[in-house]
Amino acid sequence: HWVSGITSANKTNYVYKSSNSDFDVFTGTGTDSFPFPENVNWLVTASQSLFVFTKNTINTTSYWDLQEESGVLKYNFRTIQGTEGAACNASIVSVGANVFYLSSSNKINRIVPGGNVYGFEVVELSDRKYQGISGLTNTLDKDQSDSFAQYYPEQNLIKWHVKSSGSTINDVCIVYDVEKDMFLVDTAKYFYDATYFNGQVYTVSMVDTTVFKDEFGTDDDGWSINFVYWTKAFDEGEFTLKKCYWESRTDTFINPLAVLTQEIFLNNYIDVYWTYTGTLVDTKTIDIDNIDMMAGGIGTEATGTFPVGTEGSSTITMYPATILRTKGNLNCKGYSIAFRYSMAVVWGSVRLNRLGYKVEVLPWLATNLTA
């Protein structure tokens with residue numbers, strides 16, 4: 001068991017090895033510690049070897065480097081012949097026998113088994129004359145401490161999420177095809193982190209709290225995992241009586257990026273327990289075209305309504321929008337009514353403010369043919 005990153009006692013430049021018999025014991029027989037000239041960024045394994053990254057160096061060891069000293073087997077690290085290390089820990093990914101990483105000078109490199117005395121060599125991928133992307137990497141910000149890489153085993157792709165010059169978020173997604181050995185750029189991928197789980201890669205937006213499934217479905221449209229909100233089933237306390245629902249009004253606040261869909265369901269059977277299996281009677285979608293961008297006028301917000309430090313913290317303003325369904329859209333009969341709201345748009349934000357509808361309870365003798 002190898003660990004690093006201990007911040008106490010100024011040990012951030014150390015790597016520790018546990019004993020052979022107990023993986024969480026780092027003192028005593030069989031344990032060891034290895035100092036490096038710089039803080040350790042990350043540890044990664046490939047080709048039966050351990051690689052230790054710092055900002056300017058890459059060191060490696062494996063069972064080939066075991067030496068016996070006074071009857072004790074001891075590992076020895078070798079420095080790979082590379083000019084620099086990794087930009088940050090999250091920008092390193094291991095794929096098979098190779099290690100791919102974003103260097104401290106924004107180059108994408110690969111560590112491969114080599115025939116030299118070091119056992120490995122660093123191959124520059126992004127700076128190649130005909131297959132490189134130096135024109136793109138030269139536009140990246142010097143600070144890539146928030147960058148990260150994720151391997152997609154299903155597609156055999158590696159994605160680096162990095163910042164362009166002057167950007168405060170990861171606004172560039174560099175894709176590398178491991179099989180075809182080629183780069184491309186994927187747009188609208190403003191992600192903070194990602195993880196591979198059960199055959200899918202889940203990503204987190206860098207501008208809000210949305211979670212996405214990337215590279216999912218037949219087309220990669222960058223849409224988020226759909227959120228769905230159901231209301232309760234409204235029956236006015238008379239679930240055995242049929243009603244005529246002939247108008248609904250939903251008041252919301254949405255931002256200009258949201259695309260909100262409202263669906264209205266009616267339960268046509270006497271059922272005390274609503275199971276969300278009613279009949280869909282109306283669907284309406286609203287977006288930026290339904291927003292009055294001038295709503296609110298000048299000076300309608302009272303002074304001091306926000307706590308200090310939070311006013312203006314939202315990067316996207318929300319505007320009032322109303323979904324009105326009249327007799328021409330609704331005018332349907334059923335025992336109860338329920339509303340479902342759904343959205344799957346990058347950065348979309350919605351707040352439900354008010355929901356109301358107009359209903360007429362039909363007489364006891366009403367049938368499906370009664371007006």
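In which order do the strands of the open sheet with β14 stand, and is their pairing parallel or antiparallel? The order is β14-β15-β16-β17, and the pairing of these four strands is antiparallel. Strands here are DSSP runs of E with at least two residues, numbered from the N terminus, and two strands pair if DSSP finds at least two bridges between them.

A word on the basis: this is a predicted model, in which local features need pLDDT of at least 70, side-chain atom pairs count only at pLDDT 80 or more, and totals for chains, interfaces and linings use all residues. Residues are numbered from 1 along each chain as its sequence is written, and side-chain values use heavy atoms, leaving out hydrogens and water.

Back to the sheet of β14-β15-β16-β17. Its edges are β14 (148–152) and β17 (182–186); each has a single partner strand, so one side of each lacks a neighbour in the sheet. From one strand to the next, the twist averages 25°, with axes taken as lines fitted to C-alpha atoms and angles between N-to-C directions running from 0 to 180 degrees.

Another open sheet has four strands in the order β10-β11-β12-β13, again with antiparallel pairing. Here β10 (92–95) and β13 (120–124) hold the edges, and because each has a single partner strand, one side of each is without a neighbour in the sheet. Neighbouring strands of this sheet are turned by 25° against each other on average, direction ignored.

Let's look at one strand pair from each sheet:

| Strand pair | Antiparallel bridges |
|---|---|
| β10 and β11 (residues 98–102) | four bridges |
| β14 and β15 (residues 157–162) | five bridges |

At residue level, Ser94 has Val99 of β11 as its bridge partner, while Gln150 stands opposite Lys159 in β15.
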